[in-house]
Amino acid sequence: MSSTVRMPPPDVWGVGRVAVGGEMIPWPVSHADVDDETDSHVATMRRLGVGEGDVVVICSLLSEAIHVFPLEQAANAVGARYSSTDATEFDAFRTAAMVSQVSPVAVIGVNRDVVTGLRGAGRDLREVFGPVKVVVAADEDAREALEGAGLAPRRWLKLGPVSGFECAERDGVHVDGSRVRVMTTEDGGLLVTTTVPRLTPCVDLATGLHGEVIERPCACGSTDPRIRMVPAPG
Ligand SMILES: [Zn+2]
């Protein structure tokens, strides 16, 4: 019988997919990173009006786990439950069914593929998402489509390994100023730095996104910086 050598648990929780410039790169994160992001997104849940006894639907891809798992844990942390759907054209019908079955207060992560899938199934966006208090768009196409349907979507913005959300003011994406610093290049490119220890260092990472950073406090009372998206120049 061979003796078993117990190895310490690996520090790596998983490997995410992060946009750097125009490319996607693998991004290892630790358990501590995930826990810290979870703590950060407890404020996100409050910002989205998700609390005790509520249900939130999170629509995402498995490759988005480093951005999504902390949201799921944060939902649990505020006493809410979450249900998951795939952010794909083919699973869009299930997002619609989920909304009607679990009556979520918020649906996070509607993207262009979900919009395409719903339209392809002959569904009206206003009819599907109208009953949901807070609908969060994961990209600009989805935001425009939801606005075009007469809804008031908020934006979820992935900035490198972290992400932020708009509050009810819908005037820029709040980022956690205690963990993240966002700077702009001369042409408005957004550079993100994490200011807390993380497994994979993130210093002035070129997100490939363009926007402006608003430092003045938001009408919602938050003093966290906000990002207003602008189209890439040229
Ligand atoms: Zn705000």
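Which strands does α2 lie across, and at about what angle does α2 run to β3? I looked this up in a predicted model, where local features need pLDDT of at least 70, side-chain atom pairs count only at pLDDT 80 or more, and totals for chains, interfaces and linings use all residues. Residues are numbered from 1 along each chain as its sequence is written.

**Entry 1: the helix.** I found that α2 lies across β3, β4, β5, β7 (154-159) and β8 (162-166), and runs at about 175 degrees to β3. Axes here are lines fitted to C-alpha atoms, for helices over the stretch in contact, and angles run from 0 to 180 degrees between N-to-C directions. Contact is a matter of C-beta atoms, placed from the backbone, lying within 7 Å. Helices (H or I, at least four residues) and strands (E, at least two) are DSSP runs, numbered from the N terminus. I also noted that β3, α2 and β4 make a right-handed β-α-β unit. Right-handed says that, with the strands pointing away from the viewer, the path from the first strand over the helix to the second runs clockwise.

**Entry 2: the whole.** The secondary structure comes to 6 helices and 13 strands. The C-alpha atoms fill a box of roughly 60 × 55 × 35 Å along the principal axes. Buried residues make up 41% of the 234 residues; a residue is buried if 20 or more other C-beta atoms lie within 10 Å of its own, exposed if 12 or fewer, and partly exposed in between, with C-beta atoms placed from the backbone.

**Entry 3: the sheet.** I followed an open sheet of 11 strands in the order β4-β3-β5-β6-β7-β8-β9-β13-β12-β11-β10, with mixed pairing. Strands pair if DSSP finds at least two bridges between them. β4 and β10 (180-184) stand at the edges with a single partner strand each, so one side of each has no neighbour in the sheet.

Next I checked β3 (residues 55-60): 5 of its 6 residues are buried, so β3 is largely enclosed by the rest of the structure. It runs parallel to β4 (residues 81-86), joined by 6 bridges, and V55 stands opposite R81 there. With β5 (residues 106-110), β3 pairs in the parallel sense over 3 bridges; I58 has I108 as its bridge partner. β5 in turn is joined to β6 (residues 134-137) by 4 bridges, also parallel, with V107 opposite V135.

**Entry 4: the core.** Which residues touch the most other members of the largest nonpolar core? Of its 55 residues, these are V56, V107, I108, V110 and V136. The largest share, 6 residues, comes from helix α2 (residues 65-77). Such a core is a set of buried Ala, Val, Leu, Ile, Met, Phe, Trp, Tyr and Cys residues joined through C-beta atoms within 7 Å.

Entry 5: β1 (residues 12-20) and β2 (residues 23-30) run antiparallel, joined by 8 bridges. They form a hairpin with 2 residues between them, and G21 in the turn has a positive phi of about 60 degrees.

Is D204 buried or exposed? D204 is exposed, with 11 other C-beta atoms within 10 Å. It is found in the loop between β11 (189-194) and β12 (205-214).

How values were computed
Contact = placed C-beta atoms within 7 Å.
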